[in-house]
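Student: I have a model open and would like to talk it through with you. Where shall we begin?

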Amino acid sequence: MTVDLGLPEALPVLAPRRKTRQLDVGGVGVGSDHRVSVQSMTTTLTADVNATLQQIAELTAAGCDIVRVACPSADDAEALPAIAKKSQIPVIADIHFQPKYVFAAIDAGCAAVRVNPGNIKKFDDKVGEIAKAAKDAGTPIRIGVNAGSLEPGIFAKYGKATPEALVESALWEASLFSEHDFHDIKISVKHHDPVTMVRAYELLAEQCDYPLHLGVTEAGPTFQGTIKSATAFGALLAKGIGDTIRVSLSAPPIEEVRVGLSILESMNLRPRKLEIVSCPSCGRAQVDVYKLADEVTAGLEGMEVPLRVAVMGCVVNGPGEARDADLGVASGNGKGQIFVKGEVIKTVPEAQIVETLIDEAMRLAEEAGEGELSGGQAGGAPTVSVG
Ligand code: SF4
């Protein structure tokens, strides 16, 4: 069996994308005609141009599509032109409180501006001017409504940040822009509770055709934030809702990008790269599956070629999974049967399983670089199993 590499269009998805307007965010298309993009936000002082550009370079290398930078002061606003010019990926300026920085960000050549109207003084009075400046410069605006900063009148009406309150706030703010014939808008309605967040985006998706930026705000440290984001984004992406995502973690932003990409890969919205299929282990295991899976994962870190590697702990499911993967091991009696492209190519002592798998993975990756790779899942990425 031969599997073509780099085959995003062949992967089955749970639902077609919800049809939206299309935006051009500094060369990255956002909307239903484009792939779901991954965003993150720098944690450096924006005014520190070198540190910010360094972090953007790291995020770019990790696969981030669009980066957001905070702009709380005049020094930060002054740094925007240099950052927007030198960043390898589009830069969105994140503006709270001060409308004058919206204009500064547009003038600086930022790819888009995120505003939270509930947090901007006299926003309603300024919409006309902002819409004109953004339209003249071709700069899209993200209306970012957050549970913690709802427009006071809407908060008073609902008493708390319900899904309906978030949506009413966002659509009201979007209507202010559309009254000025400005439609290059994407919207987010973030909440820290995934159930509220999902319901808000579902309601919003029914009531407008703007592209939607998904986020569970203040999702927490890596483990909790990953679970919350994966469940909420998964529920929405499974219905075709969501055009760009940001995983918010109390962790370095590069982790947000890794988690975001991984969520999209799991939903078949991005082609998979390395996939380790490893069993959870049980009383039948004849090797230390956790150690084996960790060592193989570490040994293959950074592999760009889609490869499925199966790591299985015994002979119950081991041979079947290992056969299905591009590369795999089924362990037992202190030995490992190594499978490549569905065939047993050798049996090695337990101590040599990891190095053998890594050697074979490298060989397959090289072959793949030359054009094709055999074995693995139909229409999908090569895989490695450990078990
Ligand atoms: S492959 Fe074997 S060791 Fe692993 S979970 Fe299944 S039965 Fe248990």
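Predicted model: local features only at pLDDT ≥ 70, side-chain atom pairs only at ≥ 80, totals over all residues.

Student: How does the radius of gyration of the protein chain fit with that of a compact globule?

Tutor: The chain has 387 residues, so a compact globule would have a radius of gyration near 21 Å. The C-alpha trace spans about 75 × 40 × 35 Å along its principal axes. The radius of gyration of the protein chain agrees with the globule value, at 24 Å.

Student: How many helices and strands are there?

Tutor: Happy to count them with you. The protein chain holds 12 helices, and its strands number 18.

Student: Which residues form the aromatic pair, and is the pair stacked or tilted?

Tutor: There is 1 aromatic pair in the structure. Its rings belong to Phe177 and Phe182, with centres 5.7 Å apart. Their planes meet at 50 degrees, so the pair counts as tilted.

Student: Is Phe182 buried or exposed?

Tutor: Buried means under 20% relative accessible area. Phe177 counts as buried because its relative accessibility is 0%. Phe182 has a relative accessible area of 2%, so Phe182 is buried.

Notes. Residues numbered from 1 in each chain as written. Heavy atoms only, no water. Phe/Tyr/Trp six-rings, centres within 6.5 Å; stacked < 30°, edge-to-face > 60°. Buried < 20%, exposed > 50% of the residue type's maximum accessible area, 1.4 Å probe, protein only. Helix = DSSP H or I, 4+ residues; strand = E, 2+ residues; numbered from the N terminus. Rg over C-alpha atoms; globule rule 2.2 N^0.38 Å.
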